[in-house]
Amino acid sequence: MPRSPSTLGEEASLKGRVTFVGSVNCGTRFELSELRKLYLTDLSGRRQSPAGDVIDYDVNTRTFPSVRMLSHREKKRILVTGGAGFVGSHLVDRLMLMGHDVIAMDNFYTGCKKNVEHWLGHPNFELIRHDVIEPMMAEVDEIYHLACPASPPHYQNNPIKTVKTSVVGTINMLGLAKRTKARFLLTSTSEVYGDPLEHPQKESYWGNVNPIGPRACYDEGKRVAETLAYAYAQQEGIQVRVARIFNTFGPRMNENDGRVVSNFIIQALKGEDLTVYGEGEQTRSFQYVHDLVDGLIELMQSDVKEPVNLGNPDEYSIADFAEIIRSTVNQSVNIINLPSTTDDPQRRRPDITRAKEWLGWTPKIAVMQGIEETIEYFSKVILELD
Ligand SMILES: O=c1ccn([C@@H]2O[C@H](COP(=O)(O)OP(=O)(O)O[C@H]3OC[C@@H](O)[C@H](O)[C@H]3O)[C@@H](O)[C@H]2O)c(=O)[nH]1
């Protein structure tokens with residue numbers, strides 16, 4: 001059953017606040033406060049003049065976050081496509097803190113240099129402006145392939161480009177994996193299940209996708225990307241991992257992202273009406289970004305070849321979720337109903353038995369803790385934009 005606002009608060013306080021993320025076994029464990037510094041403080045060396053008309057960068061006073069020291073054998077060269085995006089930049093943070101050599105590749109269509117600027121100039125880090133639909137060569141040991149707009153308004157804005165990114169981009173990155181013998185992780189999506197007829201969704205479910213609807217460019221693009229991954233695995237012996245990511249939120253979502261969590265928080269912070277599409281009876285299950293990053297790295301390190309759902313099964317109706325954000329951020333705003341969007345999936349919740357049993361992964365951060373951090377982040381962003 002979808003949670004009501006009252007049970008959400010109770011559950012969050014029952015679970016308690018998480019102060020560590022990751023797992024010791026995978027080397028992903030860090031204090032949450034270490035990660036928070038990367039998105040809640042300005043580490044760029046930027047100094048704005050008192051009049052606010054000039055910005056100086058003092059690279060001499062700038063210090064990088066500490067990264068672990070790895071032996072030559074442990075240290076990997078890791079490519080993250082979409083590395084300046086919302087999820088990509090958090091993955092880059094974790095891999096950098098773990099001590100790896102990281103190449104973040106992005107065309108900056110929805111990604112943003114600011115998301116990774118705290119690493120610019122670090123000896124272990126490279127940022128490459130490159131569109132994944134063009135071939136690319138680099139010597140790497142692992143490829144996390146994230147590049148693709150993920151928010152419905154963004155991926156529907158240029159559907160041909162979205163299909164090309166998923167299909168041609170994935171072929172290019174699988175080609176790179178083949179040449180370099182790198183292990184390849186595809187970030188697929190819960191959208192491969194379309195408007196699901198099975199609930200909750202297991203990885204064995206084949207989905208219910210409209211192949212010619214407005215969401216098809218993303219849904220079908222990712223379905224072909226999965227097909228390509230397994231074709232390369234079978235035909236070329238590439239080591240492939242496939243994560244099906246469910247709704248994820250957190251700091252560094254683009255303020256114009258258009259997805260529900262950032263929309264509602266920003267609307268409430270600005271004192272605007274919260275826009276529920278349709279009656280708000282449709283459901284989603286929200287996961288905080290650090291849990292996802294844990295899952296992605298654990299999957300990459302595992303022997304699991306089948307697709308794995310990564311999501312938090314806590315399910316909310318969108319109407320209830322709007323009420324949660326309204327009561328948490330700004331009780332003076334209204335919730336309004338706008339027309340529903342075409343082919344909007346009506347129910348979504350991951351079955352994460354596979355991730356639990358095969359990876360030992362489970363989301364640890366209560367939705368409310370994530371929401372509070374995201375509110376903190378967007379409050380800061382909105383101040384900067386003003
Ligand atoms: O302002 C808004 C935004 C969204 N919504 C609704 O909230 C629900 C969630 O919408 P979002 O745009 O956040 O995300 P969706 O679930 O539709 O798609 C997402 O699915 C999983 C991921 O792979 C992708 O990040 C994205 O495609 C939808 O029912 C949508 O109609 C609103 O009611 N108001």
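Among the elements that cover the buried residues of helix H7 are strand E11 (248-249), strand E12 (274-277), helix H9 (318-329) and helix H11 (367-385); contact here means heavy atoms within 4.5 Å, and buried means under 20% relative accessible area, with exposed over 50% and partly exposed in between (1.4 Å probe, protein chains only). Helices (H or I, at least four residues) and strands (E, at least two) are DSSP runs, numbered from the N terminus. This is a predicted model, in which local features need pLDDT of at least 70 and side-chain atom pairs count only at pLDDT 80 or more, while totals for chains, interfaces and linings use all residues. Residues are numbered from 1 along each chain as its sequence is written, and side-chain values use heavy atoms, with hydrogens and water left out.

Helix H7 spans residues 260-269, and because eight of its ten residues are buried, H7 is largely enclosed by the rest of the structure. The buried residues of H7 are Val261, Ser262, Asn263, Phe264, Ile265, Ile266, Gln267 and Ala268. Just after H7, glycine 271 adopts a positive phi of about 75°.

The second topic is a sheet. Seven strands form this open sheet, with parallel pairing, in the order E7-E6-E5-E8-E9-E10-E15; two strands pair if DSSP finds at least two bridges between them. Its edges are strand E7 (125-129) and strand E15 (308-310), each of which pairs on one side only. On average, neighbouring strands of the sheet are turned by 20° against each other, direction ignored, where axes are lines fitted to C-alpha atoms, for helices over the stretch in contact, and angles run from 0 to 180 degrees between N-to-C directions. Helix H3 (residues 86-97) packs on the sheet and touches E5, strand E6 (101-106), E7 and E8, and the direction of H3 makes about 170° with that of E5.

Within strand E8 (residues 142-145), Glu142 and Tyr144 point one way and Ile143 and His145 the other, and all are buried. E8 pairs in the parallel sense over four bridges with strand E5 (residues 77-81), and also in the parallel sense over four bridges with strand E9 (residues 183-189). Individual partners are set out below.

| Residue in E8 | Residue opposite |
|---|---|
| Tyrosine 144 | Valine 80 |

For "domain: NAD(P)-binding", an unreviewed entry, UniProt lists residues 79-374; UniProt positions are given in the numbering used here, feature names are shortened, and annotations may be inferred rather than shown by experiment. The end C-alpha atoms of residues 79-374 lie 27 Å apart, and the span is 38% helix and 18% strand.
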